[in-house]
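Here is a short report on helix packing, strand pairing and model confidence. Start with the structure itself.

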Amino acid sequence: MLEKSRSGERFRWILVIVVLALVGCVILVIKKPHSLYDEAAPVPGPPAAPVKKYANALKIAMQFFDVQKSGKLVDNMISWRGDSGLKDGSEARLDLSKGMYDAGDHMKFGFPMAFTATVLSWAILEYGDQMESVDQFTDAKRSLKWITDYLINAHPSENVLYIQVGDPEADHNCWDRPEVMTEERPLTQVNTSSPGTEVAAETAAAMASASLVFKEIDPNYSRTLLEHSKQLFNFADKHRHSYSISFPEVQKYYNSTGYEDELLWAASWLYHATMDRFYLQYATEKNGKAFANWGTPTWFSWDNKLAGTQVLLSRLTFFGCKEVSKCLISGLQKYRETAEAVMCVLLPNSPTATTSRTTEGGLIWVNEWNSLQHPVASAFLMALFSDYMLTSQTAKLSCNDDSFTPADLRNFAQTQADYVLGDNPSEMSFLVGYGNRYPQYVHHRGASIPADANTGCIDGFKWFDSTDPNPNVAIGGLVGGPFLNGTYIDSRNNSMQGEPTTYNSALIVGLLSSLVTTSSVVSSFT
């Protein structure tokens with residue numbers, strides 16, 4: 001009787017254990033998706049097989065830099081382009097023949113040109129391996145050097161920087177090819193009497209970032225760039241004054257809304273280039289508190305570098321600041337938090353998502369003039385932040401009570417790129433030369449005039465007024481983009497929507513390079 005009782009008790013315990021085990025399994029099954037979500041995705045290895053559409057688009061986008069080159073062309077791949085601007089800078093006994101024309105005109109505006117160089121450098125530093133996988137790495141460095149050669153020559157002494165070649169009023173009153181232009185090409189400089197902090201600081205950022213690109217392949221050139229960068233940063237910081245005030249005429253073209261962001265941007269790049277603690281302290285202490293606008297997301301553009309600075313400095317928190325004593329973690333953390341806020345604003349399913357989007361297609365849309373700049377710039381930053389998370393094995397980004405993975409961020413970046421490449425209500429690619437349908441009446445002097453036409457300043461307007469499509473393709477140009485309702489008017493007279501710019505090209509090259517294949521980013525640029 002006692003043995004039977006014990007057997008029954010033993011059976012009951014076994015039954016309890018089995019039931020508990022089953023309950024535990026159910027709980028594990030229920031919780032498994034959440035636990036997996038909290039686990040970081042594996043770090044990608046070397047670049048994977050390229051995604052064909054992004055690889056093809058990148059190869060096309062890179063060519064617009066060749067379309068825009070001024071000077072004595074070397075290994076020219078654009079059949080309808082030739083030497084131009086060979087005497088630029090001669091009135092100051094400088095060689096300013098290189099550089100790139102800003103857009104569809106023949107102006108060399110130093111402010112956006114320097115931004116082009118900074119963004120292109122950033123893209124090369126982060127995604128050089130991806131570029132290499134589709135044979136675009138060499139072309140990217142060659143295009144960058146074409147700009148930085150110009151910037152070096154434009155800085156003949158510590159406190160003098162030539163910021164413009166050409167008179168925009170005279171230039172815009174002509175419609176001719178750059179190879180035969182006859183209008184005067186006056187020079188504009190900033191100096192201690194007429195300072196221009198934002199353009200000097202942006203040029204410092206361009207040279208500091210480019211010095212990292214050329215550090216191993218051309219050390220002497222890299223050192224030259226870095227020396228110019230330090231001098232320009234000192235000039236910009238010591239003589240704080242907006243170039244839009246020194247030269248009110250630029251307000252019509254590239255008006256600056258403030259120079260504070262460029263100072264932080266330049267200091268951030270100089271820290272990466274030198275690892276000199278001074279520059280990190282500059283950006284994270286007194287000037288950071290005064291200028292960084294921590295906690296308030298902004299749009300990244302040629303005029304406002306705050307969001308770019310926040311992402312660039314957040315890189316240090318992902319890879320370089322494990323020890324509090326090594327870095328000024330409190331200031332950096334504020335940059336990181338603001339960068340995260342930027343991401344949360346961009347993600348469409350985030351509780352803090354912006355409503356600034358097209359009515360159809362989900363494109364970020366901020367303003368009607370050059371509307372594609374902001375979505376492409378935003379997507380580039382999103383791709384960078386996603387890769388920082390992935391490489392550092394950061395599992396998720398929190399936006400209030402919601403969480404997002406690196407894959408979520410990358411997917412958003414892809415949606416913006418895909419819209420540009422033709423996945424939009426108009427089924428039109430806004431990257432000239434890509435796809436079956438793209439703008440044919442691009443606002444671009446050289447593209448609109450036959451290469452064998454001999455035009456003067458005024459008679460070239462017959463090509464401007466022509467109803468025929470452009471005889472030359474401004475290959476790789478990213479046009480301004482659609483209106484809020486998604487429409488695009490393909491007209492040569494529509495510069496608001498139809499004019500490509502070099503800084504747009506730098507941004508789309510960066511975005512496409514990030515998407516062309518998966519790979520981890522480097523933990524340090526040095």
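## Helix α14 against α16

In this predicted model, α14 meets α16 through two sets of residues. The α14 set is Ala 307, Gly 308, Val 311, Ser 314, Arg 315, Phe 318 and Phe 319. On α16, the partners are Leu 381, Leu 384, Phe 385, Tyr 388, Met 389 and Thr 391. By class, this contact holds nine nonpolar residues, three polar and one charged.

Helix α14 spans residues 306-319. Its axis and that of α16 come within 10 Å and cross at roughly 5°. Angles under 35 degrees count as roughly parallel, and α14 and α16 are therefore roughly parallel to each other.

## Helix α4 against α16

Helix α16 (residues 373-391) also packs with helix α4 (residues 110-133). Here the angle is about 30°, and the axes are 12 Å apart. The pair α4 and α16 is therefore roughly parallel too. The crossing of α4 and α16 is left-handed.

From α4, the contact uses Val 119, Trp 122, Ala 123, Glu 126 and Tyr 127. From α16, it uses Phe 380, Leu 381, Ala 383, Leu 384, Asp 387 and Tyr 388. Nine of the residues in the α4 contact with α16 are nonpolar, none is polar and two are charged.

## Helix α11 against α12

How do the axes of α11 and α12 cross? Helix α11 covers residues 260-274 and helix α12 covers residues 277-284. Their axes come within 8 Å, with a crossing angle of roughly 150°. Angles over 145 degrees count as roughly antiparallel, so α11 is roughly antiparallel to α12. The crossing of α11 past α12 is left-handed.

Helix α11 contributes Leu 263, Leu 264, Ala 267, Ser 268, Leu 270, Tyr 271 and Thr 274. Helix α12 contributes Arg 277, Tyr 279, Leu 280, Tyr 282 and Ala 283. The contact of α11 with α12 has nine nonpolar, two polar and one charged residue.

## The sheet

Three strands form an open sheet in the order β1-β2-β3. The pairing is antiparallel. Which strands stand at the edges? They are β1 (108-109) and β3 (187-190). Each has a single partner strand, so one side of each is left without a neighbour in the sheet.

Strand β2 spans residues 161-165. It pairs with β3 in the antiparallel sense over four bridges. In one of these strands, β3, Gln 189 is the bridge partner of Tyr 162.

## Confidence

The mean pLDDT of the chain is 91. A pLDDT of 70 or more is reached by 91% of the residues. Over residues 1-37 the pLDDT is below 50. Beyond near neighbours in sequence, that stretch has six contacts in the model. Where pLDDT is low, the predicted coordinates should not be read in detail.

Notes: Residues are numbered from 1 along each chain as its sequence is written. This is a predicted model: local features need pLDDT of at least 70, side-chain atom pairs count only at pLDDT 80 or more; totals for chains, interfaces and linings use all residues. Side-chain values use heavy atoms; hydrogens and water are left out. pLDDT is the predictor's confidence in each residue, from 0 to 100. Contact means heavy atoms within 4.5 Å. Axes are lines fitted to C-alpha atoms, for helices over the stretch in contact, and angles run from 0 to 180 degrees between N-to-C directions. Angles under 35 degrees count as roughly parallel, over 145 as roughly antiparallel, 65 to 115 as roughly perpendicular and the rest as oblique. A crossing is left-handed if the near helix is turned anticlockwise from the far one by less than a right angle, and right-handed if clockwise. Ala, Val, Leu, Ile, Met, Phe, Trp, Tyr, Cys and Pro count as nonpolar, Asp, Glu, Lys and Arg as charged, and the others, Gly among them, as polar. Two strands pair if DSSP finds at least two bridges between them.
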